[in-house]
Amino acid sequence: MGEFKLQGSGGYIIADLTEEQAKKADLGVGKLFLAPVGKLEEQKMSKHYCKKCEAEFSNPPKIHLEENTDEQVADNLILVERGQYTCQQCSSVIGEYRVFKKQDESGEVGKARPSQ
């Protein structure tokens, strides 16, 4: 585990990530991004920067649950939760997260199936 800077649309978050989470966050452009990681535990986040406040804060952002749903978004893929990381000071959105689950863990997600 290590401490990483994760970019969001409204700033960034400094958080401890596992190696697997860091790989998810790396989109191959030299920065790590918040969205692919999903929901982070509050105790794993140490700081956040808000573009609106133009300041870094030495505490984690707030986590705002936007929607708790069981929406099917693809074959064998369910959107469980959608939420936002928001600034402790002004409540601006730092970044968003999505939590997904597979209906059938042995099934394949997102495989195109040509119609017969």
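**Notebook: a first look around**

I began with the order of elements: counting from the N terminus, the protein runs β-β-α-β-β-β-β-β-β. That gives one helix and eight strands in the protein. I note here that I am working with a predicted model.

Next I looked up burial. Of the 116 residues of the protein, 34% count as buried. I also checked the surface: the protein exposes about 7,300 Å², and carbon and sulfur atoms supply 44% of that area.

Then I turned to contacts. Taking the contacts in the protein with a separation of 6 or more, I found that 46% come from residues 24 or more positions apart.

My last entries are about backbone angles. Most residues other than glycine have a negative phi, so I went looking for exceptions.

Where does Glu 54 sit? I found Glu 54 in the loop between strand S4 (45-50) and strand S5 (55-57). Glu 54 is not a glycine, yet its phi is positive, about 55°. Is Glu 54 buried or exposed? Its relative accessibility is 63%, and the cut-off for exposed is over 50%, so Glu 54 counts as exposed.

I went on to Ser 91, in the loop between strand S7 (77-86) and strand S8 (93-102). Ser 91 is a residue other than glycine, and its phi is positive too, near 70°.

Conventions: Residues are numbered from 1 along each chain as its sequence is written. This is a predicted model: local features need pLDDT of at least 70, side-chain atom pairs count only at pLDDT 80 or more; totals for chains, interfaces and linings use all residues. Side-chain values use heavy atoms; hydrogens and water are left out. Helices (H or I, at least four residues) and strands (E, at least two) are DSSP runs, numbered from the N terminus. Buried means under 20% relative accessible area, exposed over 50%, partly exposed in between (1.4 Å probe, protein chains only). Contact means heavy atoms within 4.5 Å. Accessible areas come from the Shrake-Rupley method with a 1.4 Å probe; for residues, only the protein chains shown count as cover.
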